[in-house]
Amino acid sequence: MKKLGVAFILLILLAFLWSIHARVVENRTHTHTITPATNPSLQSPGKEPITARQYEKLLGVGIDVDWMSFPRVHRYYFYWRSKGVNVPEYFKKAGFSNVRIRVGADVVNNMTALIQLGEIVNDTLKAGLIPIITYTAPKLRNDPTSEKAQEHFVLWWKTVAEYFKGTSYLLSYDLLIESSGPIKAYPDVLNKVYGQTIAEIRKIDSPRLVFVTPARVSSPFYLTYLNVTNDGYILAEWHIYAGGPKHCTHNMTLIESAINASLAWSKETGIPTWVGAWRPFWFSKKDKSVQCPLQADVDFGKVMASALWNAGIPYDINADVWFFNIENLTWYQDRLPVLKAVLHPSSST
């Protein structure tokens, strides 16, 4: 009789634990899914794989964020999170559609950083934003011919892919933040590590959306040197004016040429493109007090945003720290006119 009693208690305990497991699985599914009203062709965005062409239409206007790359911003992000504040909600309310999450941490050897990245991705999805993880890849960018650096790059993304397997398909991977530094002159190395990395990601999470960026500081004119297979889940990231228009002067011919080059390459390959970083203002790196007049910033913001919008190319601006004060959760008032120009390109012509 005593044995029957123990068995009965064990059955109850097992049933209780199973109910908890079921709730966790259900919770994971719901917290990783959002439903943008802008694309009715996707019945359940995130639950099912999203093609590159569908994703291109979902991206809209986004912003690069330093929640996982700048120590001060990172510290405040998790301070507010501990207080129950979802920082990405402020960006959703401002009108952004996605955030490009810049990551510098070595998640291969730092599980805390990987867990925190997961928390940021979850926060972003809960806020109704599309999360795009991008890696700063300091080892590869600074020492591109090193086999160890190349292997680490592939392993970094393999670690990320394994950790986020099962996450909403709205999450995508932008493999390299920018092909600046020594790697800018090694398109062959980029093609090599892209091929190896994409192969590893496809083994783990085959329909995950992946971005690649060309050589020469992510130049749109070097898209033709990319050697990637269009499997329906590949996009390319490029940028110009990532640091803003130097000395407050922009070149309309350059903007139009860059757009035309990306559109021609996209038409030839079938791979959509996205501008992952441009800054709608400029300041001197030597003296940050030397800045452009506000109207010049607004004018450039209108020109660039409208040109990309009219070409059907989604874009992200650089970066959150220039527009949002994470210490007190407010937008910088003097940047609001610029923000309005880039967030509403259809009315900026």
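The model is predicted: local features need pLDDT of at least 70 and side-chain atom pairs count only at pLDDT 80 or more, while totals for chains, interfaces and linings use all residues. Residues are numbered from 1 along each chain as its sequence is written, and side-chain values use heavy atoms, with hydrogens and water left out.

**Overall make-up**

- The protein chain has twelve helices and ten strands, which are DSSP runs (helices H or I, at least four residues; strands E, at least two) numbered from the N terminus.
- Of its 349 residues, 51% count as buried, meaning under 20% relative accessible area with a 1.4 Å probe, protein chains only.

**Helices α7 and α8**

- Helix α7 (residues 147-164) packs against helix α8 (residues 187-205) at an angle of about 25°, and their axes lie 9 Å apart; axes are lines fitted to C-alpha atoms over the stretch in contact, and angles run from 0 to 180 degrees between N-to-C directions.
- The angle makes α7 roughly parallel to α8, a term for angles under 35 degrees.
- Contact means heavy atoms within 4.5 Å, and the residues of α7 that take part include F153 and W157, while those of α8 include V193 and I201.

**Residue K184**

- K184 is found in the loop between β4 (172-174) and α8.
- K184 is partly exposed, with a relative accessible area of 36%; the term covers values between the buried limit of 20% and the exposed limit of 50%.
- K184 and V217 are 33 residues apart in sequence and 5.6 Å apart in space, C-alpha to C-alpha.

Methods: Parallel < 35°, antiparallel > 145°, perpendicular 65-115°, else oblique.
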